[in-house]
Amino acid sequence: MEAKEKTDHLLALKVMRLTRPTLSSPVIVTSDPSDLPANLLNNHLKSNVAAVTGLETIAAGQFLLLPQSFGNIYLGETFSSYICVHNSSALSSSFADLQTNSLRIPLCGNQADLTARDLDPGQTLDEVIHHEVKEVGTHILVCEVTYSPLTLTSNRLSFRKFFKFQVLKPLDVKTKLYTAESDEVYLEAQVQNITLGPISLEKVALESSHLFTVNALNELPSEDAAESVFGPVNVVPQGACRQFLYCLCPQPQLIGDQRLLSGATNIGKLDIVWRSNLGERGRLQTSQLQRIVPDYKDIRLSIQELPNLVTIEKQFEFRCKVVNTSDRLMDLVLGLEPCNGLAWCSVSGKQMGKLEPGNSLQLSLSVVPLNSGLQAISGIRLKDISLKRTYDYDDLAQVFVTQLPESIQC
C-alpha cells in the first residue's frame, strides 16, 4: 500500500504496509559449461549473497517473494505500517488513525496537540505503527499531516490520505456442549482454517470460568511430558479442521447443590494462537461460551452405580440419586412398572419420606434380567403425594445382558 502526494503541498506523504515475504516456487535455470551460455547462469546464482557454496540452486532468495500487493489481513493479526513524511521547508506535525466500522483508533502522534514540530529542509519524519486487528470488516487508515509553511506562519495547511482494506475471518470455530449425569460438561471445539494458505496452530486452550476447572483431553500420556495428539507441530492445511475436547468439572462448592449448578451457564472462552506464512502470529478469542442447563423438572433422578455387564436370570443391584430441584417440600412414593426384558425385585409403592428443596437421597433397586442383549432400565415412577403429581423415568440407563456364566466372562 503506497500513496504519494500529487498536489502542490510542500510535504510528500508515503504509507506502506509492512509484511513478510511469501514462499514461492521459482524455476531455477542452470547451464552446462559446454552449452552456449557456458557458466554465465551458474555464476549469476553464485553471486547471490544468500547462496551457500555448492547449494546455489536452493538459496533463500530464490524461494522468497516480496509482496506485490497489499495482501490479506486476518482478524487477530497485527497490522503494521510505515508512514513517511518528507519535508522541504515546513513546521509540521503528523498523526495517523485507524478507522473501523465502530471506532477510531489513534496510532501515532497526538491529535489534540497542535504544536508544530520543526523539520529542516529535506528532513524526513517517519514512524512505524502497529495495531492488533480485533474487528472483521472494512478498515480505513486515515493519515493526516498538518503543517505551517515558513513564509506563512500564521496559516496552517493540512491534507489527508485514506487507505481502505478488508479484515477477513481466519478461523471458523464450532462448539458442541454435553452435560453428563455426573454434572461434568464436555466441550468439543472444531477449528477450521479458512485462510488462503496453511497455518500452524500454536495454542488452542479453554479458559474456563471460575465455576469450573478444565481438563484438556487432547494429549497423549507420556512419562516425560504430555504430547499433543496432533504432534509437536499442528499444521492445518487450507480448509482442513482440527477437533479438540475438554472436560469441565464443577467447583467443589457447586457439587451437590442443584440450584447453584443450574445457574452455572458460563463455560469460558477459547484462546487460539496460530502462525501463518513465515511465522506471522495471530490470536483469536471467542466470546463467552454458554451452556444450556438440562431441564430436570422438579425432581432429578440419576444413576450413581450400575454394572456394565450382567448375567441373564441373575439378580443385580444399581444405585440412584434423587434430588429435589424445586423450591417446595416433597413427600415421595416410589412406583415400579413392568419393564421389557427386566423384572423388578424391589418393592413398589414404598414411602421414601419427605425431601427438602435442594436435598437428595440415595435409592437402591434390584433387577433380574430376563432377556439377553442390551436392555434399557425403564418404568421408574416418583409420585409427590402433596400435589398428587407423578414423574416418569424411562430409558434411564442401559445394561448389557450376557448368557455366558460369570466365571468365563471377559
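Reader: Before we start, how do you know what counts here?
Author: This is a predicted model, with residues numbered from 1 along each chain as its sequence is written; local features need pLDDT of at least 70, side-chain atom pairs count only at pLDDT 80 or more, and totals for chains, interfaces and linings use all residues. Side-chain values use heavy atoms, leaving out hydrogens and water.

Reader: Okay, what makes something a pocket, and what is the volume of the largest pocket?
Author: On a 1 Å grid over the protein atoms alone, a pocket is an open set of points with protein on both sides within 12 Å along at least five of seven lines, whereas a cavity is a set where a 1.4 Å probe fits but cannot get out. Points are joined across faces, edges and corners, and the volume is the space filled by probe spheres set on them. For the largest pocket that comes to about 670 Å³.

Reader: Which residues of its lining lie nearest the centre of the largest pocket?
Author: Thr19, Asn72, Ser276, Asn277 and Glu280 do, out of 26 lining residues. A lining residue has an atom within 4 Å of a point. Strands E5 (78–87), E20 (266–276) and E21 (280–285) each give two or more residues to the lining. Strands (E, at least two residues) and helices (H or I, at least four) are DSSP runs, numbered from the N terminus.

Reader: How many of the lining residues are nonpolar, polar and charged?
Author: There are 8 nonpolar, 13 polar and 5 charged. Ala, Val, Leu, Ile, Met, Phe, Trp, Tyr, Cys and Pro count as nonpolar, Asp, Glu, Lys and Arg as charged, and the others, Gly among them, as polar.

Reader: Why do you say the largest pocket lies between domain 1 and domain 2?
Author: Because domain 1 (11–18 + 69–168) and domain 2 (171–290) both give residues to its lining. The domain bounds come from an automatic or database domain assignment.

Reader: Why is the aromatic pair of Phe318 and Trp344 called tilted?
Author: Rings of Phe, Tyr and Trp (its six-membered ring) pair if their centres lie within 6.5 Å; planes under 30 degrees apart are stacked, over 60 edge-to-face, and the rest tilted. Phe318 and Trp344 sit 6.3 Å centre to centre with 50 degrees between the planes, so they pair, and as tilted. Phe318 is in strand E25 (residues 316–324) and Trp344 in strand E27 (residues 342–344), so the pair ties together parts 26 residues apart in sequence. A search of the whole structure finds 3 aromatic pairs.

Reader: Is Phe318 buried or exposed?
Author: Buried means under 20% relative accessible area, exposed over 50%, and partly exposed in between (1.4 Å probe, protein chains only). Phe318 has 2%, so it counts as buried.

Reader: What makes Asp384 and Arg328 a salt bridge?
Author: A salt bridge needs a side-chain nitrogen of Lys or Arg within 4 Å of a carboxyl oxygen of Asp or Glu. In Asp384 and Arg328 the closest N and O atoms are 2.6 Å apart, so the pair qualifies. Asp384 is in strand E31 (residues 380–384) and Arg328 in the loop between E25 and strand E26 (330–336), 56 residues apart. Asp384 is buried at 0%, while Arg328, at 21%, counts as partly exposed. The structure holds 11 salt bridges.

Reader: Which residues form salt bridges with Arg381?
Author: Asp392 does, with closest N and O atoms 3.1 Å apart, and so does Asp394, at 3.2 Å. Arg381 is buried at 13%, whereas Asp392 is partly exposed at 48% and Asp394 is partly exposed at 43%.
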